[in-house]
Amino acid sequence: MATVDWPIVLDALPDAAVLLDGYALVAGFNAKAAELFPQLQMRVPVSALSRNPDLLLGIALVRRGGEQMTVQFSERVPLERAMLATLSNVSTTSASTAAPALLMIIRDLTEASRIDRMRTDFVANASHELRTPLASIIGFIETLQGAAKTDPAARDKFLAIMALQAQRMKRLVDDLMSLSKVEMHAHVMPRGEVDLNHVVAHVREALEPLAKAEAITLTSHPLTGRALVQGDRDELVQVFQNLIHNAIRYGRSGGSVSVGIERAGRSLRVRVTDDGPGIAPQHLPRLTERFYRVDVAASRRKEGTGLGLAIAKHVVQRHRGELDIRSELGNGSAFTVTLPELLIEKQ
Ligand code: ADP
């Protein structure tokens, strides 16, 4: 029987792989394993790679004659990592103790576990956000059926509160649906042709009354000529609606919000700037996470759902663009969307 060329086999494997000999010393490994375990060297005992008791027990069992087993284990140093090892007996009867005896294939589950945790956190957060207004509505229904049954003034007041809570639930469900829709099509580039000058003008018109109510001067600086991108108009309207609406509600009452469109190389850049209180640096990297808010109570008061920037980021990514956030406490904020310009050949 031909002998196995282990280095070639190890390099051909899609996951990290480590080969042990009959003494449980490292007899070979591939580049992916070296990446996962920087301390890995030839001829060191397997315990130099990991001291995890479950893994070491699994290796001992397979060495004592087991055929194959899988062990899930985690390492804390240098980084917290979850891994799955498949241990297979590869010894041949004629081989010496120094010959390859056990093959460990290790899959890094860290990213998959992180995504799993994010999903569970998301469901927990969404349920919590829906539950609060729902509990309030149920409470008022009970009051209306009981104590307030014959009190028209109380009834009107409670119905008004219930309407507000129901609207809050509707906003949340609408945002959740938008988010799930963009996520579903995350890897499909939208096909439409959209002029960002028109999108910004449309959003500006819709939000002008809100700006007026806050005595905010809302100005826009369109690009001369057309500002064309390939995209989905409704989704892009939602992006700029979220950004401009945020600039108005978190900006300075009596201040100004400006929306500028400019060309930067082969891209178009839309920047929404406000002169509000700004955002402390530690919050900036987390703002686009779902339900992340600098001040939860303030966001609720201003009818926020905590999903606006998450939706904006997903839509922009689906359009092969970028969302950049700059802010300084006391110096306002600037949210910039960069999208590839759609160049139409002149006939
Ligand atoms: P929300 O529905 O709470 O507004 P977003 O995802 O749109 O959710 O925004 C997340 C948080 O980012 C907001 O709650 C607010 O704390 C902060 N934020 C967003 N835009 C601005 C801004 N222009 N100035 C200051 N803070 C902002």
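Predicted model: local features only at pLDDT ≥ 70, side-chain atom pairs only at ≥ 80, totals over all residues.
Me: Into which domains is the chain divided?

Reply: Domain bounds come from an automatic or database domain assignment. Here they give domain 1 (6–108), domain 2 (114–184) and domain 3 (187–347). The centres of domain 1 and domain 3, taken over C-alpha atoms, are separated by 50 Å.

Me: How should I read a sheet, and what is the order of the strands in the sheet that contains β1?

Reply: Strands of a sheet pair through backbone hydrogen bonds, either parallel or antiparallel. Strands (E, at least two residues) and helices (H or I, at least four) are DSSP runs, numbered from the N terminus, and two strands pair if DSSP finds at least two bridges between them. In this case five strands form an open sheet with the order β2-β1-β5-β4-β3 and antiparallel pairing. At its edges are β2 (26–29) and β3 (68–75), each of which pairs on one side only. From one strand to the next, the twist averages 25 degrees.

Me: How many bridges join β4 to β5?

Reply: Strand β4 (residues 81–89) and strand β5 (residues 100–108) run antiparallel and are joined by seven bridges. Ala-85 stands opposite Ile-106 in β5.

Me: Which helix lies across β1, β3, β4 and β5?

Reply: For such angles, axes are lines fitted to C-alpha atoms, for helices over the stretch in contact, and the angles run from 0 to 180 degrees between N-to-C directions. Contact means heavy atoms within 4.5 Å. Helix α3 (residues 53–63) lies across these strands and runs at about 160 degrees to β3.

Me: What is the order of the sheet that contains β7?

Reply: This open sheet has five strands in the order β7-β9-β10-β12-β11, and the pairing is mixed. Because β7 (217–221) and β11 (322–327) stand at the edges with a single partner strand each, one side of each is left without a neighbour in the sheet. The twist averages 15 degrees from one strand to the next. Within the sheet, β9 (residues 256–264) and β10 (residues 267–274) pair in the antiparallel sense over eight bridges, and Glu-262 stands opposite Arg-269 in β10. Helix α6 (residues 196–213) lies across β7, β9, β10 and β12 (333–340), at about 175 degrees to β7.

Me: At what angle do helices α7 and α9 pack?

Reply: Angles under 35 degrees count as roughly parallel, over 145 as roughly antiparallel, 65 to 115 as roughly perpendicular and the rest as oblique. Helix α7 (residues 233–250) and helix α9 (residues 308–318) pack at about 140 degrees, with their axes 9 Å apart. That makes α7 oblique to α9. Among the residues that meet are Leu-236, Val-239 and Leu-243 in α7, and Leu-309, Ile-311 and Val-315 in α9.

Me: What is the angle between α5 and α9?

Reply: Helix α5 (residues 152–184) packs with α9 at about 20 degrees, and their axes are 10 Å apart. The two helices are therefore roughly parallel to each other. The contact includes Leu-179 and Val-182 of α5, together with Ile-311 and Val-315 of α9.

Terms used: Residues numbered from 1 in each chain as written. Heavy atoms only, no water.
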